[in-house]
Amino acid sequence: MSTLETNSIGKYSGNNVSIDDPLKLKNVTTTQRDALSSPQAGDTVYNSTTGTIDYYNGTQWNSNQAGNTFVFNCSYLVIAGGGSGARAGNSSGSGGGGAGGYRNSYSTETSGDNSSTETPLEVTYGQSLTVTVGAGGAAKSSGDGNQGFDSVFGTITSYKGGPGGGSGNAPTGTWGSGGGAAAYTQNANGAPGTAGQGGDGGNGAGHSSTDNRAGGGGGGAGGNGGGAAHGNSGNGGGGLNSSITGSSVGRAGGGGGSGPANGNTRSGGTGGGSSANNGGTGGSGTVNTGGGGGASLGDGGTSGAGGSGIVILRWATADATLGATRTGLTDDGVQTAGSDSYIVFTAGTGTITFSA
């Protein structure tokens with residue numbers, strides 16, 4: 001049975017109801033609201049879970065506000081560390097490293113694997129959010145390359161770049177972009193990337209003649225790695241550009257494949273490393289782009305390392321303030337671009353919080 005409690009009731013001229021003090025509605029969580037017994041059309045409560053006033057229309061509960069008043073939307077660019085290129089001996093072609101996974105929710109920009117912009121992350125004030133900037137895969141002096149490392153923002157994970165192949169098919173795994181394949185006497189397959197994050201690694205071209213063996217390029221955020229042909233290795237897959245910091249920057253290209261021993265070198269995609277022949281050192285992926293490392297060919301050479309990843313966040317300045325405690329993370333502080341704020345994390349792992 002409901003009870004109405006009041007100190008006094010007075011006559012008021014006109015047709016309105018006047019209340020001197022604030023009107024307090026029944027305060028319930030979403031779980032408690034949904035458990036109310038036999039609600040009637042017109043019943044109204046304050047939802048303490050979402051900070052909204054909810055009403056029952058006879059069929060379901062609805063809110064009279066556009067969204068949760070305790071949250072805001074935060075755009076992100078999360079790029080994982082790139083994989084390193086492979087290093088084969090004089091008799092084989094080598095595959096370039098794949099770029100780190102690329103996930104972008106800023107404006108209407110393209111996300112990885114040439115996919116549509118993702119939805120910004122809904123963040124609750126005071127919520128502890130993990131941020132991790134993935135490192136790139138280390139250079140190799142022989143065999144397959146090394147994989148990169150994942151980057152994370154809250155529930156958003158960009159997968160590590162795949163390693164280039166040093167003896168045949170590129171290693172398979174959960175890669176942002178796949179590594180390019182090596183080549184010996186038979187053709188070999190590049191590794192697939194992850195839909196929405198990056199492209200596939202290029203195939204290697206095998207041949208009975210050493211001079212015609214060539215490795216595929218590593219996949220990039222904007223395209224697959226180049227497939228090799230006899231006598232010509234594959235270029236690294238293209239990267240993507242983002243203006244989340246106010247100016248357009250290209251990142252997350254794949255590394256170039258190497259071979260044949262007396263042939264040409266191949267370029268990496270944006271941020272990715274070029275290949276090297278005849279005992280040379282492959283180019284490394286650019287730091288904080290997630291670029292794949294270039295492959296190397298020849299005794300005494302080393303492949304290029306994968307580039308480290310990056311995490312960039314952007315939000316409306318009026319919506320939230322980023323907490324000053326960011327232990328374990330490297331950043332240059334909060335910066336502004338028009339009515340927005342943004343921050344660039346370049347290394348480390350830790351937690352962050354926002355306040356209203």
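A salt bridge here is a side-chain nitrogen of Lys or Arg within 4 Å of a carboxyl oxygen of Asp or Glu. Keep that in mind. The model is predicted. By this rule the count comes to six salt bridges. I'll take three of them.

Start with D340 and R314. They form a salt bridge, and their closest N and O atoms are 2.9 Å apart. Where do D340 and R314 lie? D340 is in strand 19, residues 340–352. R314 is in strand 15, residues 310–316. So the pair ties together parts that are 26 residues apart in sequence. Now, buried or exposed? Buried means under 20% relative accessible area. D340 has 17%, so D340 is buried. R314 has 9%, so R314 is buried too.

Next, R33 and D54. Their side chains meet in a salt bridge, at 2.9 Å from N to O. This pair links distant parts of the chain, 21 residues apart. R33 sits in helix 1, residues 30–34. D54 sits in strand 3, residues 52–56. What about burial? R33 has a relative accessible area of 12%, so R33 is buried. D54 is at 2%, and therefore counts as buried.

One last point. Which residues do shared partners join into one network? R33, D34 and D54, through salt bridges that share partners. Look back at R33 and D54 on the structure with that in mind.

Definitions and conventions: Residues numbered from 1 in each chain as written. Predicted model: local features only at pLDDT ≥ 70, side-chain atom pairs only at ≥ 80, totals over all residues. Heavy atoms only, no water. Helix = DSSP H or I, 4+ residues; strand = E, 2+ residues; numbered from the N terminus. Buried < 20%, exposed > 50% of the residue type's maximum accessible area, 1.4 Å probe, protein only.
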